[in-house]
Amino acid sequence: RLEHRPSRIAAHYLKTWFLVDLISILPFDIVTLLMHSNDFEKVKGLKAIRIFRMLKMMRILRASRIFKRLEMSLLVSNAYQVFDLYMFIFYLILISHWLACLWAMTLSLVDDNEVRWVDT
C-alpha cells in the first residue's frame, strides 16, 4: 500500500532512515584530520568512522531494494514494454528515412555535369 500524504511520508522517513542518511553524508575524512588527540583515541575514532562508513553501505542496500521493487512493478506491465519497443522501431525507421532524404538532397548541391554518387 502506497502512502501519498507528504506529512506521513516525512514522519516515517524521520523515524527510520533520516539518522542513517544524516550520519552517512558527513565528511568523516575531514573529521579525522581535525582530531587533535593522542594515538589511542585516534584509533577509537577510526573504528567509529569505519562503522559510520558502513552506514553508507546500508544506503546503497536500501537503494538496490527500491530498484528491485521498481523493476518488479515494471515487469508486471509487459504491454507497455512491447508498446515502447514498437515505438522505438517506428522512430528508428522514421529517422532512417529522414537521413536518406537528407542524403538524397545533397544531389542538389552538386553540378549535373559531374559524376554523382547516384550515377555510379
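Y91 is partly exposed, at 44% relative accessibility. The model is predicted. Its chain has 120 residues, and buried residues make up 9% of them.

**Overall fold**

- The chain holds 5 helices and 0 strands.
- Along the sequence, the pattern reads α-α-α-α-α.
- Helix α1 covers residues 6-16, and helix α4 covers residues 39-76.
- Helix α5 runs over residues 78-105.
- A further segment comes after α5, and R116 is found there.

**Aromatic pairs**

- The count of aromatic pairs comes to 2.
- One of them joins Y13 and F18, with ring centres 6.0 Å apart.
- The planes of the Y13 and F18 rings stand at 75°, so this pair is edge-to-face.
- The cut-off behind that label is simple: planes over 60 degrees apart count as edge-to-face.
- Y13 is partly exposed, with a relative accessible area of 32%.
- F18 is partly exposed too, with a relative accessible area of 33%.
- F90 has 46% relative accessibility, so F90 counts as partly exposed.

**Salt bridge**

- How many salt bridges does the count come to? The count is 1 salt bridge.
- The side chains of E3 and R5 form it, at 2.6 Å from N to O.
- That distance qualifies because the rule asks for a side-chain nitrogen of Lys or Arg within 4 Å of a carboxyl oxygen of Asp or Glu.
- E3 is partly exposed, with a relative accessible area of 28%.
- R5 is partly exposed as well, with a relative accessible area of 45%.

**Nonpolar surface patch**

- Which residues make the nonpolar surface patch of about 720 Å²? They are V82, L85, Y86, F88, I89, L92 and I93.
- I89 sits in helix α5.
- The relative accessible area of I89 is 38%, so I89 is partly exposed.

**Largest pocket**

- The largest pocket holds about 340 Å³ of space.
- It is lined by 13 residues, and those closest to its centre are I9, H12, Y13, T16 and W17.
- Y13, one of these residues, is also a partner in the edge-to-face pair with F18.
- Helices α1 and α4 each supply at least two residues of the lining.
- Which helix gives the most to the lining of the largest pocket? Helix α1 does, with 7 residues.

**After helix α5**

- Is R116 buried or partly exposed? R116 has 22% relative accessibility, so R116 counts as partly exposed.
- That follows because buried means under 20% relative accessible area.
- R116 and T106 are 10 residues apart along the chain.
- The C-alpha atoms of R116 and T106 are separated by 9.8 Å.

Technical notes
Residues are numbered from 1 along each chain as its sequence is written. This is a predicted model: local features need pLDDT of at least 70, side-chain atom pairs count only at pLDDT 80 or more; totals for chains, interfaces and linings use all residues. Side-chain values use heavy atoms; hydrogens and water are left out. Patches are made of residues with over 30% relative accessible area and no salt bridge: like charges are joined within 9 Å, nonpolar side chains (Val, Leu, Ile, Met, Phe, Trp, Tyr) within 5 Å. Accessible areas come from the Shrake-Rupley method with a 1.4 Å probe; for residues, only the protein chains shown count as cover. Helices (H or I, at least four residues) and strands (E, at least two) are DSSP runs, numbered from the N terminus. Buried means under 20% relative accessible area, exposed over 50%, partly exposed in between (1.4 Å probe, protein chains only). Rings of Phe, Tyr and Trp (its six-membered ring) pair if their centres lie within 6.5 Å; planes under 30 degrees apart count as stacked, over 60 as edge-to-face and the rest as tilted. On a 1 Å grid over the protein atoms alone, a cavity is a set of points where a 1.4 Å probe fits but cannot get out, and a pocket is an open set with protein on both sides within 12 Å along at least five of seven lines; lining residues have an atom within 4 Å of a point. Grid points are joined across faces, edges and corners, and a volume is the space filled by probe spheres set on the points.
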